[in-house]
Amino acid sequence: MKRLFLLAVLLFAQSCGDDPDNGQDKFSTFDRKQLLSSLAGTVIRPGFDSLLRELTLMEDRVTTLTTTPTEAAVTGAQEQWIAAARAWKRVEFFKLGLLDESLPMLAKVDFGAADPAKRTEQIDSAALVQAITTTQAIDAAYVDTRPATLQGFPVLEYMLFHAPAATIVSELTTDANAEARKSYLRSAAQLLKQKLALIAADWAGGYQNTFRDADGRDIGSSLGMLVNDLAFLSEAMKNEKLGRPLGFRTAGVKQPNAVEARLSGQSLVFLLDNLQGIERAITGDFGATKGVGFDELLDHLDAKYADLKLSQLILQQIQVIRQKVASISTPLPEAVTTNTATVQQIYDELKKLVVLLKVDMTNNIGVMITYTDNDGD
Amino acid sequence: MTTIRATLMKEVPAVSLAFFRFVFGLMLAGGMIRFLLKGWVEDLYIAPTYYFKFYGFEFVQVLPPWAMYASFIVLTVAALMVAFGYRYKLAITVFFFLFTYVEMIDKTTYLNHYYFVSLVTFLMIWLPMDARYSVDAKRCPARGRNTVPNWMLLALMLQIGFVYFFGGIAKLKADWLLDAQPLRIWLSANSSFPVLGPLLDQVWVAYALSWGAMIFDLTILFVLLAPKLRPYGYAVLLVFHFFTSQFFLIGMFPYIMSTATLVFFSARFHESVMRWVVARLAWMREVALPRAAIVRARRPVLAYGLTVFLGVQVLLPFRHLLYPNDVTWSEEAFRFSWNIMLIEKTGHVEFVVKNVATGATWREYPSEHLTRLQEKMMSTQPDMIVEFAQHLKEKFAQQGIKQVAIYADAHVALNGRPSRRFIDPTVDLTTVSDGFAPRSWVLPFDEAPKSLTERVVNL
């Protein structure tokens with residue numbers, strides 16, 4: 001029995017020895033710690049750092065707006081909200097560390113990221129009015145105690161975009177609640193920046209090491225969480241950001257207004273930013289800075305799709321989706337009714353990306369997404 | 001013929017059965033406590049709003065949360081009663097029925113080793129496992145027996161050996177032997193394992209371990225039955241289970257099997273272990289060794305019954321030969337066949353729903369209705385996909401949408417192959433039913449996995 005075993009070992013050691021594809025060198029240069037620390041250093045931390053810079057600028061613009069409320073100041077704050085939110089959309093899927101789903105932080109930054117089904121819910125203006133008519137001092141600490149729907153990116157979008165600039169100005173100047181509203185707006189911007197400062201500091205501190213060292217492939221490992229997050233975001237993009245307005249969640253009745261970022265009109269822009277975030281995780285690159293990404297891991301595992309490398313196919317598919325999105329010239333709520341076929345096509349292409357990420361990538365990496373024991377069936 | 005009969009009818013020490021009862025009972029109790037502590041009662045039997053039924057057992061229903069918790073407490077107590085031999089027959093019968101009931105609630109949770117537990121505990125109902133070193137035998141010495149017919153012990157050994165032997169037969173697949181899959185995927189993801197890590201990244205290691213595991217599984221039953229080879233075989237077995245416990249998240253299985261296989265050792269060994277145990281548990285100590293001369297009627301009915309029981313188990317793993325599709329793809333006859341750790345299968349499924357009356361079309365996402373585990377399991381198992389489509393149909397009927405057609409948009413990747421469409425997207429799943437007939441709505445998997453013979457012929 002033992003001899004047979006040895007024989008099998010020897011036979012295969014020999015027969016594969018001269019196969020260049022299976023040699024040791026290709027594999028020995030690769031390790032998962034390197035992938036994780038490269039992702040942290042090249043993609044994740046720069047992503048959160050740039051988000052923090054945008055949020056700092058946004059706080060300035062919001063302060064300018066609340067000090068001297070003019071239409072120009074409204075536009076300035078709006079532009080900076082878009083810049084910051086776009087930076088957020090590029091890092092949205094890194095639901096790790098302080099942004100772990102089990103912690104309240106994620107929902108307070110963007111409740112739609114924590115629960116995609118709520119993503120397209122509109123801010124309840126009555127609840128906001130209630131929140132600002134208070135005897136308590138309105139500061140960052142106060143905003144922090146409000147419901148998640150009255151915090152973070154969504155509430156700022158509402159306060160800056162829900163009406164024409166002139167109306168926003170009058171809300172901040174002549175309205176009965178003007179002072180309280182200004183305080184709430186300023187505090188919400190300040191609180192959001194504080195939260196992202198905490199997250200950036202956490203990554204810069206111990207968390208990047210924790211992240212690097214959790215290099216297993218079970219559900220709690222960094223790799224397991226990243227793969228899960230990639231699948232989760234791509235599915236949320238498909239099901240919620242496109243499927244819901246297309247009426248897929250409402251028995252076929254279209255819901256043109258159930259889009260993400262309806263007030264700021266950035267639905268498709270954010271979709272592309274999400275896509276860029278996914279692309280960065282796959283390539284491991286951040287602009288011109290090159291790093292190790294999932295593509296290297298997949299190539300290392302020899303993940304193929306017919307004659308193509310799986311990594312290439314994923315990147316190609318991202319390009320296909322980009323081109324399809326670019327072919328839409330109207331805002332998404334309009335496109336859903338006037339250009340349904342194209343939106344449906346984007347949905348279908350996104351579904352292919354979901355399959356590549358959730359099915360093919362997971363299968364090739366063998367990430368053990370298990371919730372109980374398993375014996376492989 | 002006479003020697004076989006003599007071997008089967010030979011009286012052997014009853015202590016071996018008592019030993020098995022003791023260690024297996026403790027393992028079961030440990031398993032039940034672990035299940036409770038991990039919060040799985042909540043996750044698996046309280047959180048879901050829908051449960052996938054086994055064919056023919058659609059009537060099995062989940063109990064209210066308090067009763068599910070109570071069931072696991074009863075199972076723990078019953079397992080301990082089995083271990084110590086207190087009201088043994090009652091305890092093992094309760095354990096078998098309650099455990100098997102719990103496993104039949106939801107197809108999602110099917111595991112080969114739970115199936116194994118059901119089989120062994122069923123067998124244990126019929127064997128005089130409490131003949132020695134039990135509270136029962138102490139309280140009522142007339143129940144004690146010093147020896148039992150050898151066929152009883154052999155039946156138990158075969159039951160344990162089947163897991164390995166048919167597990168080995170199941171490994172005679174092209175993917176496993178010719179491509180070293182899925183071990184290749186799993187091992188290369190373990191490259192940071194201490195000391196052995198770099199080795200696990202090498203392809204030849206995946207092949208060596210695939211073939212080694214197959215040979216081990218096919219031979220270990222016979223090795224353990226041969227007294228001279230037994231210590232070596234058991235050492236290999238320990239190494240085998242140690243590594244599987246390290247690489248795979250397979251819970252109690254390696255420990256259960258490592259202890260269960262101790263039953264192959266000599267009665268002298270079992271006797272010394274049990275003496276050591278009762279030296280510490282005075283209340284189990286036997287008053288006097290039961291007389292050897294208690295001869296009961298030979299029980300031909302039981303012997304024939306057990307033969308049928310084991311014989312059926314020999315046939316079940318070959319059911320898949322009756323189906324045209326590959327068992328790892330379409331999963332006809334996949335369960336109850338010892339297909340252990342054979343597939344790395346990942347899937348995505350969403351449902352396209354069409355209101356036949358209005359023509360409106362929309363999508364249903366499983367995550368809305370199922371737990372993550374259920375969704376994951378369903379996405380690769382055709383029978384669950386069909387069952388879920390029919391469940392959706394009922395849901396819509398309750399909402400007043402009487403006529404719907406439901407199609408699956410499903411993609412699956414198997415053992416590192418590119419994903420491909422899994423379910424025929426033109427088949428309205430509300431019109432099919434899953435029984436024993438071949439699953440025509442599963443798309444064929446033309447490229448592979450081909451059968452082993454086909455691959456070898458084409459080499």
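1. The model contains 8 cavities of 30 Å³ or more. A cavity here is a set of points on a 1 Å grid, over the protein atoms alone, where a 1.4 Å probe fits but cannot get out. Grid points are joined across faces, edges and corners, and a volume is the space filled by probe spheres set on the points.

2. This is a predicted model, in which local features need pLDDT of at least 70 and side-chain atom pairs count only at pLDDT 80 or more, while totals for chains, interfaces and linings use all residues. Residues are numbered from 1 along each chain as its sequence is written, chains are lettered from A and ligands numbered from 1 in the order in which they are written, and side-chain values use heavy atoms, leaving out hydrogens and water.

3. The largest cavity has a volume of about 240 Å³. Its lining (residues with an atom within 4 Å of a point) has 20 residues, and those nearest the centre are A:Arg119, A:Pro154, A:Glu157, A:Glu260 and A:Ala261. Two or more lining residues come from each of helix H4 (71-91), helix H6 (111-114) and helix H9 (152-161) of chain A. Helices (H or I, at least four residues) and strands (E, at least two) are DSSP runs, numbered from the N terminus.

4. By type, the lining of the largest cavity has 10 nonpolar, 3 polar and 7 charged residues. Ala, Val, Leu, Ile, Met, Phe, Trp, Tyr, Cys and Pro count as nonpolar, Asp, Glu, Lys and Arg as charged, and the others, Gly among them, as polar.

5. The second largest cavity has a volume of about 170 Å³. It is lined by 16 residues, with B:Gly31, B:Met32, B:His113, B:Tyr114 and B:Met252 closest to its centre. H2(B) gives the most to this lining, with 6 residues. The lining of the second largest cavity divides into 11 nonpolar, 2 polar and 3 charged residues.

6. B:Val412 lies in strand E5 (residues 404-414) of chain B. It counts as buried because its relative accessibility is 0%; buried means under 20% relative accessible area, exposed over 50%, partly exposed in between (1.4 Å probe, protein chains only). Leaving aside residues up to four places away in sequence, B:Val412 touches, among others, A:Val359, B:Trp329 and B:Phe422, where contact means heavy atoms within 4.5 Å.

7. A:Asp285 sits in the loop between helix H13 (267-283) and helix H14 (294-300) of chain A. At 17% relative accessibility, A:Asp285 is also buried. Its side chain reaches the backbone nitrogen of A:Gly291 at 3.0 Å.

Terms used. 1 Å grid on protein atoms, 1.4 Å probe; cavity = no way out; pocket = protein on both sides within 12 Å on 5 of 7 lines; lining within 4 Å. Polar contact = N/O pair within 3.5 Å; in protein donor to acceptor, adjacent residues only side chain to side chain.
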